[in-house]
Amino acid sequence: MTSEIGHFALILAFMTAIAQAVSLFIGVNSGDGRFSVFGQRASIVIFALAALSFGCLMHAFGTSDFSVVNVFENSHSAKPFIYKLTGTWGNHEGSMLLWVLILTLFSAMLAAQGRAAPAKLHMLTLGVQALIITAFIAFILFTSNPFERLFPAPPDGTGLNPLLQDPGLAIHPPFLYLGYVGFSIPFSFAVAALVLGKADSVWGRLVRPWALAAWTFLTIGIALGSWWAYYELGWGGWWAWDPVENASFMPWLAGTALIHSVRVVERRDALKGWAILLAIATFSLSLVGTFLVRSGVLTSVHAFAVDPARGVFILAILVLAIGGALTVYALRASALTPTGRFEPVSREGGLILNNVFLLAACAVVFFGTFYPLFIDVLTGDKITVLAPYFNLIFPPITFLAMAFAAFGTLLAWKRADANSILRKMIPAAAAALVAAVIVLVIADRARALGAFSIMMVIWLAGGALTEIAQRIKLFGGSFGDTLSRARGLPAAAWGSTLAHLGLALFAFGAAGISLWKSEEVVLMAEGDISEVAGYAVTLKSVERLRGPNYEAERATFSAAKGGESFTLSGERRFYPIRQMETSEAAIRAHGVGDLYISFGENTSGRGWPVRLFYNPFVGCLWWGAGLTAFGGLVAFGDRGRKPARLKRKKPAPAGSAEAAPA
Amino acid sequence: MRKVVLFAPLIVFVVVGSFFAWGLTRDPSRIPSQLIDRPLPEFDLPAIQGFSEGLSTEDFKGQVTLLNVFASWCVSCHIEHPLLMELAAKGDIPIYGLNWKEKPGDGKAWLDRLGNPYSMIGDDRQGRVAIDLGVTGAPETFVVDKGGRVRYVFIGPITQRSWEETLAPLIEELRKS
């Protein structure tokens with residue numbers, strides 16, 4: 001019965017969304033307030049219905065109701081309860097329902113935020129959201145219904161993909177979706193602004209928090225996914241340039257460009273057409289990512305069940321949403337005229353440069369991801385683009401972006417003094433050079449590249465710190481003055497500093513692991529000793545064991561270096577229900593990095609093929625990504641309701657006045 | 001001029017979108033085999049160590065058969081193995097094995113341990129025949145018709161589902177013709 005309620009609620013949400021879109025567009029044209037009131041309230045109703053629908057599916061998973069096809073195919077009674085619940089979105093149908101749930105949640109929040117936005121802009125934006133919701137619910141109802149029944153109900157399910165029985169994978173899709181779907185709001189705002197022929201700093205102020213929130217979620221989602229791949233897939237790496245990874249990275253790059261250029265719209269009332277195009281592009285790339293994952297046009301380790309009908313449907317959504325938005329853009333963007341004047345050496349000039357780098361990076365990823373498809377269509381050849389392509393082209397662009405990002409934040413709006421900024425950057429430059437020399441001296445290999453990479457990292461971090469030090473007068477001001485300035489500083493400034501520091505930390509980790517990783521592949525029998533990065537690793541024992549729904553081989557290793565020793569163990573699991581193997585790498589943080597061991601099957605009878613890695617600075621990847629996301633969160637807190645000019649004239653807040661010395 | 005530039009994103013999308021549409025009609029994981037509907041390449045392989053009979057092209061004539069490329073070092077072959085055993089036990093269709101790039105003795109040891117689903121096995125130690133067959137990896141399974149022609153190539157381990165949905169109906173059809 002619950003399953004039918006869920007299905008019915010979803011159909012009702014579909015009908016309501018159609019009615020909502022129609023009434024909002026009528027409301028905008030006629031100015032009749034009743035239509036717009038219905039349109040706004042409908043958002044809340046649709047969200048409630050989607051939540052009910054999702055709740056019903058979750059209930060079916062939680063109670064292992066195998067009369068529901070989706071539960072039968074993707075769950076099993078022998079699974080831990082928590083993974084039964086997370087299994088709700090561990091499959092195609094359920095994950096699309098989660099996608100819709102988040103979409104309706106954002107729409108409802110946007111509807112509730114009504115009074116902050118000009119009425120017509122708000123209604124049109126909600127109207128576009130309603131169209132997107134309609135399209136995706138239709139996709140679920142017509143091609144991917146999670147509520148289908150199965151009679152008679154089988155006694156047990158066919159098991160959840162064992163790779164999904166993992167906390168990392170249970171929580172990373174929701175974060176990714178919050179990101180992907182979050183970008184639908186800037187998209188809808190962009191389309192609405194084009195239709196109205198008006199985008200101004202109010203528009204920028206409205207869009208920025210949504211873009212920032214979506215970007216923060218996406219950052220977390222990607223980082224969690226990478227972390228999962230690192231400890232679960234057993235290949236010792238953290239990023240493989242797999243099509244599905246790229247699908248999440250492209251909207252991130254475009255979204256990063258978006259959050260920077262929306263700031264320009266907000267502060268300088270310029271770059272409007274560009275910001276709108278970015279808002280469209282970012283959500284479009286999210287949709288393309290969905291298409292990529294669900295249609296099976298490219299092969300990937302993440303491939304979901306491939307069904308051509310779904311691919312065609314998503315392509316239709318793609319054509320309507322992206323094609324429609326870009327058509328509106330082509331016809332209407334000329335109506336958006338900039339009011340602010342533009343100097344090349346200024347904060348806005350720097351942000352444009354930043355956009356160029358980010359989009360170049362995005363284009364590189366896009367091209368590499370779809371090149372096999374292009375070649376297949378043009379020549380019929382089957383090829384794959386592997387990591388070396390990305391590893392060759394991506395870092396130089398990143399280094400350029402880092403070089404400029406370091407002092408971009410120091411540039412003043414409108415017009416900046418290049419000389420004084422270069423002077424301010426002298427300490428950062430000095431620190432970067434010192435760091436480079438240190439690397440040259442202590443690194444055992446990859447000296448030149450390492451020195452250069454670390455130099456860029458310190459340069460970027462130095463730039464971020466210089467900016468904040470300058471703004472709070474860390475050197476030269478009194479302590480109290482500094483403190484009050486620090487408090488008065490807009491959250492956006494703190495956010496960008498934190499995000500840039502996070503990026504530097506992340507780049508440090510990425511450089512460290514790619515340049516100084518140690519790797520050994522050996523055949524080891526019990527009692528054998530091999531060495532990696534100065535660790536003497538002994539394979540102590542391999543034992544067979546039986547888990548709740550898998551059989552496993554557990555290998556225990558002991559590692560010793562410099563008088564210290566510890567043990568670590570990893571597993572290779574075989575899930576008979578799905579005939580799948582997974583690995584749990586043996587990982588132990590020690591020194592500046594991780595000792596990471598994965599092992600294969602003892603087929604020869606002479607020993608196990610063992611891969612030993614020492615991954616230096618790998619922790620910086622996760623902390624860096626976390627810090628970057630935290631920066632996004634802090635900047636999100638900056639509502640920027642008052643233009644900067646007004647803010648400065650205001651008397652200092654009471655708290656900071658007390659802190660100032662008498 | 002400015003107006004034309006504004007159409008650029010739309011044009012880019014139309015181009016990319018048509019690639020997507022075209023891409024939907026293709027299955028990227030299936031590398032088209034050059035051998036489909038052609039006779040098996042001629043070979044006459046010796047037996048693997050511990051067995052007496054080898055495998056040659058002549059053995060495929062007269063009935064629908066499966067040629068399964070396997071090796072003891074191949075992880076996916078382990079996964080596929082129980083299904084092959086099941087098929088062999090039913091005895092519906094002869095399964096011939098091509099033991100690919102195997103060290104002498106390893107093949108027999110593997111079969112002794114897990115069971116032998118193959119009615120005949122050829123030893124392709126150098127991988128020459130595999131090259132003629134266009135094998136991209138193990139396991140790979142060729143469906144060969146009564147006339148000794150390759151009719152289908154299945155890449156990767158056969159699963160219960162792919163057997164029921166793809167291979168079994170195809171074999172049924174080949175038998176009738």
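Me: What makes the residues of α8(A) and α9(A) count as meeting?

Reply: In this predicted model, A:Ile185, A:Pro186, A:Phe189, A:Ala190 and A:Ala193 in α8(A) meet A:Trp203, A:Leu206, A:Val207, A:Trp210 and A:Ala211 in α9(A); contact means heavy atoms within 4.5 Å. By class, this contact has 10 nonpolar, no polar and no charged residues. Ala, Val, Leu, Ile, Met, Phe, Trp, Tyr, Cys and Pro count as nonpolar, Asp, Glu, Lys and Arg as charged, and the others, Gly among them, as polar.

Me: Why is α8(A) called roughly antiparallel to α9(A)?

Reply: The axes of helix α8 (residues 184–196) of chain A and helix α9 (residues 201–232) of chain A come within 9 Å and cross at roughly 160°. That angle makes α8(A) roughly antiparallel to α9(A), because angles over 145 degrees count as roughly antiparallel. Axes are lines fitted to C-alpha atoms, for helices over the stretch in contact, and angles run from 0 to 180 degrees between N-to-C directions.

Me: How do you know that α17(A) and α19(A) are roughly antiparallel?

Reply: Helix α17 (residues 447–471) of chain A and helix α19 (residues 491–516) of chain A pack at an angle of about 170°; they are therefore roughly antiparallel to each other. Their contact divides into 18 nonpolar, four polar and two charged residues.

Me: How are residues and chains labelled, and what limits apply?

Reply: Residues are numbered from 1 along each chain as its sequence is written, and chains are lettered from A. Local features need pLDDT of at least 70 and side-chain atom pairs count only at pLDDT 80 or more, while totals for chains, interfaces and linings use all residues; side-chain values use heavy atoms, without hydrogens and water.

Technical notes: Helices (H or I, at least four residues) and strands (E, at least two) are DSSP runs, numbered from the N terminus. Angles under 35 degrees count as roughly parallel, over 145 as roughly antiparallel, 65 to 115 as roughly perpendicular and the rest as oblique.
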